[in-house]
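Here are my notes on this model, as numbered points. Please read them with the structure open.

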Amino acid sequence: MFKRNKPEEISADTLKTEGKDGGKGRPTPTRKEAEAAAKERAKVPRSRKEMAAADRQRRMSAQQKAREAMKTGDDRYLPARDKGPVRRFVRDFVDSRFSIVEMLIPLLVVSLFLGWSGNQNLRTASSLVLMVTFLFVVIDILLLSVRLRRHLKLRFPNESTKGATFYAATRSMQMKFLRMPKARVKVGQQLPEDYDR
């Protein structure tokens, strides 16, 4: 009647997994695992201010990569208007030829000084320089677009070349050392046959 019951044997595994409140059901993480988890939690922004700061940091990083790409020509980080083999070829095509358009700004400065000289003959010369310069610019851009279209049809028959001639014209109007992305070829240099990615 007053018989004692034997206590049930508790295994070591049960003691490890069960605590006072029923246990957590998993082993305690090592210090290394806990530190890695804490770092991951710290990366996740918790407030609107932290989210804005993280977004600003991402934008600054992307802009820095884009600036570097403008110097190196790395296609991965270039802006969309400069990306792709067609645009790379157009840049090289423009950079490999001497263009009168590159002389546009110096000739305009000369024309301006001649106009300000006060001498009637020099003013007439200024107007003449200006008209001849614009005539050469128009002829040069027309020749550039015709030659470029022919080369694009041969090299990129299956790709879209929309906007390529405008891109070439705007690039050719800049002086070579001011062009971005930086020029990779010299004037008169033979262009590579393959422009695939």
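1. How many residues apart are Arg-59 and Asp-55 in helix H3, and about how many helical turns separate them? The model is predicted, so keep that in mind throughout. Arg-59 and Asp-55 sit four residues apart in H3, which puts about one helical turn between them. Their side chains form a salt bridge, with an N to O distance of 2.9 Å.

2. Next, the exposure of that pair. Arg-59 has a relative accessible area of 45%. Buried would need a value under 20%, and exposed one over 50%, so Arg-59 is classed as partly exposed. Asp-55 comes out at 32% and is also partly exposed.

3. Helix H3 itself passes a simple length check. It covers residues 48-72, 25 residues in total. The expected span is 1.5 Å times one less than the number of residues. That gives 36 Å, and the end C-alpha atoms of H3 are 36 Å apart, so the two values agree. Gly-73 follows H3 and has a positive phi, near 85 degrees.

4. The structure has seven salt bridges. One of them joins the side chains of Asp-95 and Arg-171, at 2.9 Å from N to O. Asp-95 belongs to helix H4 (residues 85-95) and Arg-171 to helix H7 (residues 164-172), so this pair ties together parts 76 residues apart in sequence. Both Asp-95 and Arg-171 are buried.

5. Asp-95 has another partner. Its side chain also meets that of Arg-179 in a salt bridge, at 2.6 Å from N to O. This pair links distant parts of the chain: Arg-179 lies in the segment after H7, Asp-95 in helix H4, and 84 residues separate them. Arg-179 is buried, as is Asp-95.

6. Shared partners matter for the earlier pair too.

7. Now the helix packing. The axes of helix H6 (residues 120-155) and H7 come within 10 Å and cross at roughly 135 degrees. Angles over 145 degrees would count as roughly antiparallel, and 65 to 115 as roughly perpendicular. H6 and H7 are therefore oblique to each other. Their crossing is right-handed.

8. Which residues make that contact? On the H6 side they are Ile-141, Leu-144, Ser-145, Leu-148, Arg-149 and Leu-152. H7 contributes Ala-164, Thr-165, Ala-168, Ala-169 and Ser-172.

Note on methods:
Residues numbered from 1 in each chain as written. Predicted model: local features only at pLDDT ≥ 70, side-chain atom pairs only at ≥ 80, totals over all residues. Heavy atoms only, no water. Helix = DSSP H or I, 4+ residues; strand = E, 2+ residues; numbered from the N terminus. Salt bridge = Lys/Arg side-chain N within 4 Å of Asp/Glu carboxyl O. Buried < 20%, exposed > 50% of the residue type's maximum accessible area, 1.4 Å probe, protein only. Axes fitted to C-alpha atoms, helices over the stretch in contact; angles between N-to-C directions. Parallel < 35°, antiparallel > 145°, perpendicular 65-115°, else oblique. Left-handed = near helix turned anticlockwise from the far one by under 90°. Contact = heavy atoms within 4.5 Å.
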